[in-house]
Amino acid sequence: MIKIGDPIRLEPLDGSARQYRSKVLAVDGGAIHIGSPVDEQTGKTVYLLNGMQFKASFVSQEGTLYMFDTEVKGKVHDPLPMVVLDYRGDEYVIRIQRRRYVRVRANVDAAVHPLGGGEFAPFVTMTADISAGGAALYIPMTHAPLLRPGMSVELWLVLTMRSGDCHYVRTKATVVRMAVDEHSGARMAVEFAGLASQDRVRLIRYSFERQLEEKGINKETAWNTARKNGRRGCSP
C-alpha cells in the first residue's frame, strides 16, 4: 500500500500538536525508511529518538488518505541517513474518509451550556457517537423541549486517549436535529462551530483510535496501557 516516494506526515502521540513531514525512501518488510523529518512549523530538521510513537499519515498515488500507528525503531545510512519506522502491514492501516470526518461510536463525557440567554440549565451527559465535525449526545427528557435545531450551545468534551492522557475540548456547537423516543430517550445532533485547529486534530486522533478498537486492532496494547495507568479516567 505505502510506496517509495510517498510523502508522509508524523504526529506525536504525546499530546502535542506538532507535525513533521518526510518522504518514504524504502519499504523493507516490517519497516519503512524515511528521510530526515522536518518540523512543519519551523521548517527545521528534527531528531527523532528510538521509541518515539507517532500517528503517521500518507496519501496514496490514487489520492486516498491513510493513517497508521508507528514507532521509531532506529537509524540507518544506506547511503543517505534514514529513520526506520515500524510498519506492521497493510491490515493495520486505516483509510480516512476525506469528504467528511469519520464518525465513531463512543461515549465521551460532555457538558452542555446555554449561550447568552440561558434558555436551559446546563447539564452533563455523554455522546452516542462523535467525529471531528460534530457529535450526537444523549439528552435528558426534561431538556428535550428546550433544545431546537439552529440553536447555538457551548459544549465541553473530555477525550480520554489510548495513552491515558485527558484532553478537554471547549467549542460552540449548532443543534442540527433533535430525536425524541419514549423508549430510547432523546438525542441531539450538533455540528461544531469555530473549533480550534488543535482540538480538531485531537478529535481526529481520538476517532482514529476508536476505529482501531472497532477493528479489533491493538486491543492487547490498549489493555496493557489501561493496566499500566491503573485504568485512570477523566472527570468532566
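The protein chain exposes about 12,600 Å², and carbon and sulfur atoms supply 49% of that area (Shrake-Rupley method, 1.4 Å probe; for residues, only the protein chains shown count as cover). This is a predicted model, so to speak of local features takes a pLDDT of at least 70 and side-chain atom pairs count only at pLDDT 80 or more, while totals for chains, interfaces and linings use all residues. Numbering runs from 1 along each chain as its sequence is written, and side-chain values use heavy atoms, with hydrogens and water left out.

On the fold side, there are two helices and 15 strands (DSSP runs numbered from the N terminus: helices are H or I with at least four residues, strands are E with at least two). Of the 236 residues, 47% are buried (under 20% relative accessible area, with exposed over 50% and partly exposed in between; 1.4 Å probe, protein chains only).

Now for the charged pairs. The structure holds eight salt bridges (a side-chain nitrogen of Lys or Arg within 4 Å of a carboxyl oxygen of Asp or Glu). One of them pairs glutamate 11 with arginine 205, with the closest N and O atoms 2.5 Å apart. Glutamate 11 sits in strand 1 (residues 7-12) and arginine 205 in helix 1 (residues 197-214), 194 residues apart. Glutamate 11 is buried at 5% relative accessibility, and arginine 205 is buried at 3%.

Another salt bridge joins arginine 170 to glutamate 154 at 2.8 Å, N to O. Arginine 170 belongs to strand 14 and glutamate 154 to strand 13, so this pair ties together parts 16 residues apart in sequence. Glutamate 154 is buried, at 16% relative accessibility.
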